[in-house]
Amino acid sequence: MSNPTFLNRQLSMNLETTRDTKPHLGAILALACLAQFMVVLDVSVVNVALPSVRSALHFSEQDLQWVVNAYTVTFAGFLLLGGRAADLLGRRRVFVSGLVLFSLASLAGGLAGTQAELIAARAAQGLGGAIVAPASLSILTTTFQEGAARNRAVGIWGAMGGAGGAAGVLLGGVLTELLGWRWILFINVPIGLIAALLAERYIPETRDAVRRKNFDLAGAVSATLGLSVLVLGIVRTDVTGWGSASTLGLLAAGAALLALFVAIEGRIAGSPLMPLRIYASRTLSAANVVVLMIGAAVFAMWFFLSLYLQQVLGYSPLRAGFAFLPMTLCIVVCSTLASRVVTRVGPKPMLVAGMTLQTVGLIMFTHLSADGTYLGDVLVPSVLIATGIGFSFVPVTIAAVTGVASHEAGLASGLVNTSRFVGGAIGLAILAALATARTNGDVHHGLAAHAALTGGFELAFGVAAAFSAVGAVVALVGLPRVSMRTLRRRTVVTEGA
């Protein structure tokens, strides 16, 4: 006679297997993309609200960027840890946990009454985002079979990264004008918690059960502290100067911590967050350099263009938000087109074209006028940049994760997001320091405030264009010209090795 307990256990296992082998692909894609859209949106959603935040909590000009950088620095520093946790603890479990943390931190930020409380909440948001983002991409790369299906899924996911940046400025303007700046944070709470509940229902649990559960906390902490100290040193240059002992000390300490991180990954950690061997892939290495340059150029672009529209052209938060609507629509359309075309032409041609268009648009922003207009100074460059973003994010994301073995999907996705946010944090710090120094110098020499601000913004856009141009050159020289079929064959070899 059969054992009823045994039969029940077998039936439960069969039902679980059936559910996991027939995943709800549409729901999984929607939830992963929603999560990516939300965490990237929160980089730029605060930009239009910055003047309101500054007035409400009495931020200084130099400290205001920490409302952005507290998020991006923490995000960048813990992305690799989030990717590793997803691979080892279970992708759904980590994804849901990150969404809950992100939602609760958003609630704390909306309730913040002091500068320190807001910055701390933004840092906690960054930690939640660092858990969610690599888990979402890892879920896609392990759910969809490599080829056209995965390319479409990753392409849409990558498009959410670009669209989230543009939509964040639009949404931030609407919420700040109609409900107040705190609602740019409150809005995340219901969305994040509902997404967490749906993820429990629709996303099957997967994990890498073979690898050791070593999280390399020393690597994560050294990376985050190193990046934070480096950014702090750059941010304070407008007060202390580039050659002061305090600035040089901070920059040296940041560099030393980052060097320690590399040493930990290469020699000390038994299961490192960022195994240096992964950079043996030329495609992955070049793609991450390009993503670094995109982050350095684009995150700063949202920041400075938002300030130009409000502080120079006198736009309200709502009007400034709607000024970004053409960019948002353009990114969505171009990203959708790119996800379809990249399978036929390969990542390289589209990426080079996208980075070139982005560079041209940023160069055009170096000719802003203190008495300019939206149609004459903003619309055409912003559409060119948006087109470039749409054509860049999709192929560079595909290139960064293609050919990576499934057990390292979380690592690869963590790397591409880390590169983006490290570039964003360091790029914004450098450009803000340069723009502030230029503006202060112009004011000292008697230039009117609006003209001085515009001069600082022009310098920032010029350096951002240089970052973008470097990315275009790396894409042209560093990425191999191969078809998606060739990349898929390389993956098969990697998986079997």
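Among contacts in the chain (heavy atoms within 4.5 Å) between residues at least 6 apart in sequence, 86% join residues at least 24 apart. The model is a predicted one, in which local features need pLDDT of at least 70 and side-chain atom pairs count only at pLDDT 80 or more, whereas totals for chains, interfaces and linings use all residues. Residues are numbered from 1 along each chain as its sequence is written, and side-chain values use heavy atoms, with hydrogens and water left out. The secondary structure comprises 21 helices and zero strands, where helices (H or I, at least four residues) and strands (E, at least two) are DSSP runs numbered from the N terminus. Of the 497 residues in the chain, 57% are buried, a term that denotes under 20% relative accessible area, with exposed being over 50% and partly exposed in between (1.4 Å probe, protein chains only).

Two packed helices are described by the angle between their axes and the distance between the axes. Axes are lines fitted to C-alpha atoms, for helices over the stretch in contact, and angles run from 0 to 180 degrees between N-to-C directions. Helix H2 (residues 25-44) packs with helix H10 (residues 188-202) at an angle of about 155°, their axes being 10 Å apart. H2 is therefore roughly antiparallel to H10, given that angles under 35 degrees count as roughly parallel, over 145 as roughly antiparallel, 65 to 115 as roughly perpendicular and the rest as oblique. On the H2 side the contact is made by Ala27, Ile28, Leu31, Leu34, Met38 and Asp42, and on the H10 side by Asn188, Ile191, Gly192, Ala195, Leu198, Ala199 and Tyr202. These residues divide into ten nonpolar, two polar and one charged, where Ala, Val, Leu, Ile, Met, Phe, Trp, Tyr, Cys and Pro count as nonpolar, Asp, Glu, Lys and Arg as charged, and the others, Gly among them, as polar.

Helix H16 (residues 325-345) and helix H17 (residues 347-364) pack at an angle of about 130°, with axes 7 Å apart, so that H16 is oblique to H17. In this contact Ala338, Val341, Val342 and Val345 of H16 meet Pro347, Pro349 and Met350 of H17, and the residues comprise seven nonpolar, no polar and no charged. Met350 is buried, at a relative accessible area of 9%. When residues up to four places away in sequence are not counted, Met350 touches Ala338, Val341, Val342, Val345, Phe391 and Pro395; the C-alpha atoms of Met350 and Ala338, twelve residues apart along the chain, are separated by 7.5 Å.

A search of the whole structure finds eight aromatic pairs, counted where rings of Phe, Tyr and Trp (its six-membered ring) have centres within 6.5 Å, with planes under 30 degrees apart taken as stacked, over 60 as edge-to-face and the rest as tilted. One of these is the edge-to-face pair of Trp183 and Phe186, at 5.3 Å centre to centre and 75° between the planes. Because Trp183 and Phe186 are three residues apart in helix H9 (residues 183-186), about one helical turn separates them. Trp183 is partly exposed, at 38% relative accessible area, whereas Phe186 is buried, at 17%. Phe304 and Phe461 also form an edge-to-face pair, with 6.5 Å centre to centre and 70° between the planes. Phe304 lies in helix H14 (residues 282-312) and Phe461 in helix H20 (residues 449-478), so this pair ties together parts that are 157 residues apart in sequence. Both Phe304 and Phe461 are buried, and Phe303, Phe304, Phe365, Phe457 and Phe461 form one aromatic cluster.
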